[in-house]
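Dear colleague,

I am handing over the structure we spoke about, and I would be glad if you could look it over with the notes that follow.

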Amino acid sequence: MLENVNVENLILGPTFEEMLHPERIDPQVRRRALEAMRADPLDPINLYNITWKDPDGRIRYEVLPEELTGVATPIVVLYSKDFPTGSHKVGAAYSVLVEKELYGEVDPAVHTLVWPSTGNYGIGGAWVGCRMGFNSIVVLPEEMSRERFEMIEFYGAKIIKTPGSESNVKEIYDKTWELRRADPNVRVLNQFEVMGNYRFHYYVTGNTIVELADVLQAEGIGRGKITAFVSAMGSAGTIAAGDRLKQVWPDHKIIGLEPIQCPTLYLNGYGTHDIQGIGDKHVTWIHNVWNMDAIMCIDDLECKMGLQLLTEEAGWRTMIDRFGVPEAKVRKMAAIFGISGVCNVLGAIKTAKFYELGRDDVIVTICTDAIDRYHSVMAKLTEQYGPMDEVEAAIRLVSIFHKQKLDWIREATREERARWHNLKYYTWVEQQGKTVEELNAQRDPAWWEAEQAKVAEIDERIQEARRLQAGLR
Ligand SMILES: Cc1ncc(COP(=O)(O)O)c(C=O)c1O
């Protein structure tokens with residue numbers, strides 16, 4: 001099974017099954033991993049901490065207060081600040097790398113890894129690549145937040161800056177081709193293209209949310225079913241969780257989000273924006289657009305102003321004193337949100353209103369990172385508009401959250417889905433070397449099902465590599 005793999009060179013991590021169910025990890029390994037979580041976050045044993053669950057096996061989620069969302073439908077966020085690196089993107093990076101290793105495509109003794117990214121995937125790649133023994137280079141736009149650059153260097157990777165900001169992904173692609181041409185031992189791990197990213201979210205995130213439905217019902221929230229999953233696309237890895245949810249609940253709705261300032265799927269649009277991590281001006285290869293039920297767009301300034309409301313003193317006071325949000329919830333929300341997390345919540349509010357969902361429905365969405373990445377962005381906001389006082393905070397809560405409008409919504413039709421699919425042609429066939437036959441194959445649900453089914457095969461390869469390594473010792 002592992003004919004072309006130098007197993008002795010590999011530093012192995014968890015299977016997909018173990019990321020979903022960390023209680024199934026060998027108890028000694030699990031204990032060492034939990035100890036290292038705080039004591040030594042750079043120890044590779046932390047690969048076993050890539051999971052949505054806490055040390056007691058509970059899913060990390062928060063039910064948002066109606067006083068904030070303004071809708072009766074519970075909006076529940078899965079948050080990822082406690083993953084190694086502080087973002088679940090580390091799971092996508094790990095899954096992409098471990099698959100390549102186990103099919104003999106990369107070897108730490110030979111290859112240098114290149115992680116094209118606008119931030120968190122690069123941070124994840126820097127962490128994972130270096131922990132698994134690879135030289136790693138992260139390629140990202142020069143205008144991304146200062147905090148991102150600092151983390152990548154701290155984890156031990158090199159940085160190459162490309163011109164522009166979040167939506168300048170073409171420039172990143174061009175640089176990766178240049179690196180590939182210059183050195184035959186460079187391997188590019190492209191999150192927009194490689195299905196390991198899809199599989200992490202389809203299997204680990206998707207099934208975690210399936211479990212969450214029962215956890216919520218036991219708390220009196222919903223009826224054991226998730227009505228809609230809302231996710232702003234960067235690589236469109238996260239939204240793959242929706243593919244799993246739709247298999248469990250066929251009438252489940254998958255809602256994709258984009259910035260109004262760069263409405264690519266919504267309007268074939270382009271533009272720059274400041275919701276870091278999403279809106280990358282193309283339809284990614286791994287995005288199953290045939291399964292998406294609507295595209296909605298969110299304003300980038302509203303996301304930043306909403307984040308300031310959730311993370312600064314005047315916002316906390318306003319939520320507690322004027323709107324009656326319990327203080328513990330306010331403190332928790334301050335710790336789990338980044339800009340795209342606010343975008344996801346605004347999209348969830350739009351979803352609740354648009355589909356006229358009720359109290360028994362449940363919408364799930366995601367916080368991909370937290371405020372630690374955005375202090376510099378918040379400082380810039382204050383510099384531009386002045387400090388936010390309690391009056392301003394109250395206005396923001398009502399106008400941005402409660403009064404989120406039903407504009408910028410496009411429901412999927414057969415034609416609309418075909419248009420999203422067809423947009424892939426320009427990036428993937430014209431620029432990135434895919435064939436028309438490969439693109440056409442994605443029209444068939446069986447193509448996606450075959451990719452989903454590989455989870456079991458990859459897990460078996462990881463187990464086999466472990467057995468071989470044990471034999472070498
Ligand atoms: C902060 C942030 N939000 C959202 C996303 C989008 O997630 P995905 O790439 O899985 O679509 C990313 C991706 O890097 C991100 O960094």
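Which residue does the side chain of Lys350 join in a polar contact? Before the answer, please bear in mind that this is a predicted model. The partner is Gln404, whose side chain is joined to that of Lys350 by a polar contact of 3.3 Å. Lys350 has its place in helix α14, and because its relative accessibility is 1%, below the 20% cut-off, it counts as buried. Leaving aside neighbours within four places in sequence, Lys350 is in contact with Met296, Cys297 and Ile298, and also with Gln404, Lys405, Leu406, Asp407, Trp408 and Ile409.

Not counting residues up to four places away in sequence, Leu357 touches Thr73, Thr227, Thr351, Ala352 and Ile363. Between Leu357 and Glu464 there are 47 Å in space, C-alpha to C-alpha, and the two are 107 residues apart in sequence.

Turning to the ligand, we find that it sits in the largest cavity. There are 16 residues around the ligand, of which Lys89, Gly234, Ser235, Thr238 and Ser340 come nearest. An oxygen atom of the ligand is 2.6 Å from an N or O atom in the side chain of Thr238, and an oxygen atom of the ligand is 2.8 Å from an N or O atom in the side chain of Asn120. The backbone takes part as well, in that a polar backbone atom of Gly234 is 2.8 Å from an oxygen atom of the ligand. Taken alone the ligand exposes 390 Å², and the protein buries 99% of that.

Two backbone angles also deserve a look. Most residues other than glycine have a negative phi. Ala236, however, has a positive phi, near 70 degrees, and is found in the loop between β7 (228-232) and α9 (241-248). Ala236 counts as buried, because its relative accessibility is 4%. Thr85 also has a positive phi, near 75 degrees, and lies in the loop between β2 (75-79) and α4 (89-102). Thr85 is buried too, since its relative accessible area is 10%.

With best regards

Terms used
Residues numbered from 1 in each chain as written. Predicted model: local features only at pLDDT ≥ 70, side-chain atom pairs only at ≥ 80, totals over all residues. Heavy atoms only, no water. Contact = heavy atoms within 4.5 Å. Near = heavy atom within 4 Å. Polar contact = N/O pair within 3.5 Å; in protein donor to acceptor, adjacent residues only side chain to side chain. Areas by Shrake-Rupley, 256 points an atom, 1.4 Å probe, with all protein chains shown as cover. 1 Å grid on protein atoms, 1.4 Å probe; cavity = no way out; pocket = protein on both sides within 12 Å on 5 of 7 lines; lining within 4 Å. Sits in = over half its atoms within 2 Å of the grid points. Helix = DSSP H or I, 4+ residues; strand = E, 2+ residues; numbered from the N terminus. Buried < 20%, exposed > 50% of the residue type's maximum accessible area, 1.4 Å probe, protein only.
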